[in-house]
Amino acid sequence: MAVTDPIADYLTRIRNAQKAGHKVVEIPSSRMKRGITEILYKQGYILKYKFDEEGPQGHIKIALKYNPSTKEPVIKKLGRISTPGLRRYVGKSDLPRIINGLGIAIISTSRGLMTDKQARRENIGGEVICYVY
């Protein structure tokens, strides 16, 4: 089955795996998904990840992170902002602030994928891909 919005599918697979309490989720790979995965890892939202190059597309295996005492997922909310039907672009002065800086917005810029904080530091705007907190 063809997926019309692969990024939304990526976020939904992570969300569903967390609700089911899975430790690992496997997702078809793309360059954008790899970039988002690396950002989630650097920001501490996932435990670890592995890129498998098997097959024509490859897969990303993501080890999900849970709070050790309460067993709740570290990622409380994953929200897709810019969709294929309605792209959301922001200038450098309109970059979103998620929960007063506690969450992150992933921005696709001319210099690659980055968080809203990095984009603010580099004084650059772009397409708001998703919110994570």
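Here are a few friendly notes on the aromatic rings of this predicted model, with a look at one lysine at the end.

1. Start with the ring pairs. The model holds 2 aromatic pairs. One of them joins Y41 and Y49, whose ring centres are 5.3 Å apart.

2. Now move along to Y49 and F51. How are these two rings arranged: stacked, edge-to-face or tilted? Their centres lie 5.1 Å apart and the angle between the planes is 50 degrees, so the pair counts as tilted.

3. Y41, Y49 and F51 are linked by ring pairs into a cluster.

4. F51 has another partner worth a look. The charged end of R34 sits over the F51 ring, at 4.6 Å from the ring centre. So when you view F51, look for two contacts: the tilted pair with Y49 and the charge of R34.

5. Finally, consider K42. This residue belongs to helix 2, which covers residues 31-42. K42 counts as exposed because its relative accessibility is 68%, and exposed means over 50%. How far is K42 from H22 in space? The C-alpha atoms are 21 Å apart, while the two residues are separated by 20 residues in sequence.

Terms used: Residues numbered from 1 in each chain as written. Predicted model: local features only at pLDDT ≥ 70, side-chain atom pairs only at ≥ 80, totals over all residues. Heavy atoms only, no water. Phe/Tyr/Trp six-rings, centres within 6.5 Å; stacked < 30°, edge-to-face > 60°. Lys NZ or Arg CZ within 6 Å of the ring centre and 35° of its normal. Helix = DSSP H or I, 4+ residues; strand = E, 2+ residues; numbered from the N terminus. Buried < 20%, exposed > 50% of the residue type's maximum accessible area, 1.4 Å probe, protein only.
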